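User: I would like to learn how to read aromatic pairs in a model. Please take me through them, and then through the pocket.

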Amino acid sequence: MQKISEQIHALADSDNARFVSRLIPQIPPAQILGCRTPALRALAKALGTESDAVQTFLQTLPHDYFDEYQLHAFLISQIRSFPECIAAVSAFLPYVDNWATCDQLSPTVFRKEPAMLLPYLEEWTQSQRTYTVRFAIGMYMRYFLEARFDAAQSDRIAAIRSDEYYINMEIAWYFATALAKQPAAIMPYLEQRRLPDWVHKKTIQKCIESRRIPDETKTYLRTLR
């Protein structure tokens, strides 16, 4: 079988590489092949997670290319065993250095075992690594804003203090989404200005832009800016 690195290089797209480079300027352009997301997803599906080649790829960190990290995220997301998946995520997160790879990491098994995920999220929100924290907030937003909602989790996220744009933006996304789903529990965070000023204002902006927030709520939110 063709080596995974060779399969990735075969999907390189120079035009898309220039586009991606503008979106993620902190990554050197030479490290971006420009593989398109649907093609990498299809490759991940074709590779599966059981072969020796895939296991070797997942254990080989750091990678040389952004596109390899993207494939890595897609492969982890397919792992069906929670213990195996959480181990793979824990090993991978320290190497995630951009929002795109962070946001592509979405393990299916987490949806089935959310209670088992909570201790890891609590640990990751305290990390010094930007994208580990962002990933944890994203998981809270995805799996814990409806039937499993617990205001203690919102308290934990509200207490985060960071100068990192990609953490603060994710906090704003979390609270804007939470307001749509749990308005009575979340509105006091804005009324009492319990979020950092930039996050507070960005949350209100996102709420006003959202189609899930009623117009009368948006009117009230404008008074809380």
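This is a predicted model: local features need pLDDT of at least 70, side-chain atom pairs count only at pLDDT 80 or more; totals for chains, interfaces and linings use all residues.

User: How is a pair of aromatic rings described?

Analyst: A pair is described by the distance of the ring centres and the angle of the planes. The count here comes to 11 aromatic pairs.

User: Where do Tyr120 and Trp124 lie, and are they buried or partly exposed?

Analyst: Both belong to helix α9 (residues 114-124), four residues apart, or about one turn of the helix. Tyr120 is partly exposed at 28% relative accessible area, whereas Trp124, at 6%, is buried. Tyr131 and Tyr166 also form a tilted pair, with 6.0 Å from centre to centre and 40° between the planes. Tyr131 is in helix α10 (residues 130-143) and Tyr166 in helix α12 (residues 165-181), so the pair ties together parts 35 residues apart in sequence.

User: Which residues form one aromatic cluster?

Analyst: Phe82, Phe110, Tyr120, Trp124 and Phe135 do.

User: Which charged end sits over the ring of Trp173?

Analyst: That of Lys206, 3.8 Å from the ring centre.

User: What volume does the largest pocket have, and which residues are closest to its centre?

Analyst: The volume is about 220 Å³. Among its 17 lining residues, Val20, Thr37, Phe66, Gln70 and Ala100 are closest to the centre. Helices α2 (14-23), α3 (37-47), α5 (66-76) and α7 (99-104) each give two or more residues to the lining. By class, the lining has 10 nonpolar, four polar and three charged residues.

Terms used: Residues are numbered from 1 along each chain as its sequence is written. Side-chain values use heavy atoms; hydrogens and water are left out. On a 1 Å grid over the protein atoms alone, a cavity is a set of points where a 1.4 Å probe fits but cannot get out, and a pocket is an open set with protein on both sides within 12 Å along at least five of seven lines; lining residues have an atom within 4 Å of a point. Grid points are joined across faces, edges and corners, and a volume is the space filled by probe spheres set on the points. Ala, Val, Leu, Ile, Met, Phe, Trp, Tyr, Cys and Pro count as nonpolar, Asp, Glu, Lys and Arg as charged, and the others, Gly among them, as polar. Rings of Phe, Tyr and Trp (its six-membered ring) pair if their centres lie within 6.5 Å; planes under 30 degrees apart count as stacked, over 60 as edge-to-face and the rest as tilted. Buried means under 20% relative accessible area, exposed over 50%, partly exposed in between (1.4 Å probe, protein chains only). A charge sits over a ring if NZ of Lys or CZ of Arg is within 6 Å of the ring centre and within 35 degrees of the ring normal.
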